[in-house]
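This report describes selected features of the structure shown below.

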Amino acid sequence: MNHDQEPRSYDRAKCFKPIKPVLKMLKIAYSLQNEAVFPVVLATLVHISGSSYRRVGARALFQANGQRIGAISGGCLETDLQARSIRLLESGLLHEVVTYDTTDENDLLWGVGTGCHGVISVLLEVIHEAPSWVAKVISGVSSRFPVFLRTIWRDEGGPLGTRLSPTPVALSASRHTLQVTLLPPWHVVIFGAGDDAIPLANFVKNMEWSVTVVDPRAEMATVDRFPTADQCVVLPAENAVAKLAWDDRTVAVVMTHHYRFDLPLIRSLGPLCLPYLGLLGPRQRGQRIWRDAGLPTEQMDSGLHSPVGLDLGGDGPHAVALSIVAEIQAKTNQRSAQPLRQRQRPINTE
């Protein structure tokens, strides 16, 4: 993230159906910049009834040579979709809507075997040249701006396929139109470049989020120690927060292990009301730092996750990193982090 760029904010009330794995869409967009790949078939999960492994808006790009970018399912539908894509390219048609019904128990033995107990519809659209949304997706992700896409998957008098939407609310949606917002990936700022921050940076990157490591010690915040980090920044704790750009897709984890570093960081981070702010260390220590920072006591429970992470058990830096990433995932998705067997509704529904 550019330190000089203006902080950006995204109105969650206006961003309908946000699609989190935007980097897969970014890879698809980069691929569509290459004229040699055409024609290709873009598959979009447009409708779910019941349960599904992926959410609506999931996309995959199928090339004539068998290569694929992205996924519609956990891997169980891709072989069939690849075959259908090849046939669609050979047919000369431009679109096909494929429906998979996994509600029948016999499907586990004789069908595609997803075991999701849902009905999903997938739009296959043939693309012969780079669509207008390609450049917008690439620039939106790099600039951390949302991109609005509209996919018409049933004939209602207009052309089928995916195109840009000017705003998330200007166009009226119908039951045969999917409108999604591609939001920038989560950006995790890790304050503290100790050895326990290394697996955390790796876990964050495995989630396809971006990660910045900040530490006042030049010998600690290095690319050699954090090869997966998007950037390593050497800044004193007193003005580190002010030197970075913040938006409501950016979260922070403070793990410097030093009170003299944690205090100015929490003093600066607390008023930002970040989607997630975690502090390593015992509860009593976190409460003291929050109070010593002069922050309102009544906002501590909602504004600070201390001790940071979920109670997953285990020991060592990798277990701690897993618990932190799991808590960030739950908090940013507004989920309870309870076992899925206790959930009464399907995980991914329309």
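## The parallel sheet

In which order do the five strands of the open sheet with parallel pairing stand? In this predicted model, the order is β12-β11-β10-β13-β14. The edge positions are held by β12 (231–234) and β14 (277–279), each of which pairs on one side only. Averaged over the sheet and with direction ignored, neighbouring strands are turned by 15 degrees against each other.

Within this sheet, five bridges connect strand β10 (residues 187–191) with strand β13 (residues 250–254) in the parallel sense. F191 has V254 in β13 as its bridge partner. Helix α5 (residues 197–206) packs on the sheet and touches β10, β11 (210–215) and β13. The direction of α5 makes about 160 degrees with that of β11.

Strand β6 (residues 118–127) is largely enclosed by the rest of the structure, because nine of its 10 residues are buried, the cut-off for buried being under 20% relative accessible area.

Two antiparallel pairings involve β6. Strand β2 (residues 40–50) is joined to β6 by 10 bridges, and the two strands run antiparallel. Strand β5 (residues 95–101) also runs antiparallel to β6, with seven bridges between them. V122 of β6 takes part in both pairings: L45 stands opposite V122, and V122 is likewise the bridge partner of V98.

## Packing of helices α1 and α4

Helix α1 (residues 22–31) packs against helix α4 (residues 133–143) at an angle of about 135 degrees, and their axes are 9 Å apart. Angles over 145 degrees would count as roughly antiparallel, and 65 to 115 as roughly perpendicular; α1 and α4 are therefore oblique to each other. The crossing of α1 past α4 is left-handed.

Which residues form the contact between α1 and α4? On the α1 side they are V22, L23, M25, L26, I28, A29 and Y30. These meet W133, V134, V137, I138 and V141 in α4.

## Cysteines

How many disulfides does the model contain? The count comes to zero, where a disulfide would require a pair of cysteine sulfur atoms within 2.5 Å.

C76 has a relative accessible area of 33% and is partly exposed. C232 is partly exposed as well, with a relative accessible area of 23%.

Notes: Residues numbered from 1 in each chain as written. Predicted model: local features only at pLDDT ≥ 70, side-chain atom pairs only at ≥ 80, totals over all residues. Heavy atoms only, no water. Buried < 20%, exposed > 50% of the residue type's maximum accessible area, 1.4 Å probe, protein only. Helix = DSSP H or I, 4+ residues; strand = E, 2+ residues; numbered from the N terminus. Pairing = 2+ DSSP bridges. Axes fitted to C-alpha atoms, helices over the stretch in contact; angles between N-to-C directions. Contact = heavy atoms within 4.5 Å. Parallel < 35°, antiparallel > 145°, perpendicular 65-115°, else oblique. Left-handed = near helix turned anticlockwise from the far one by under 90°.
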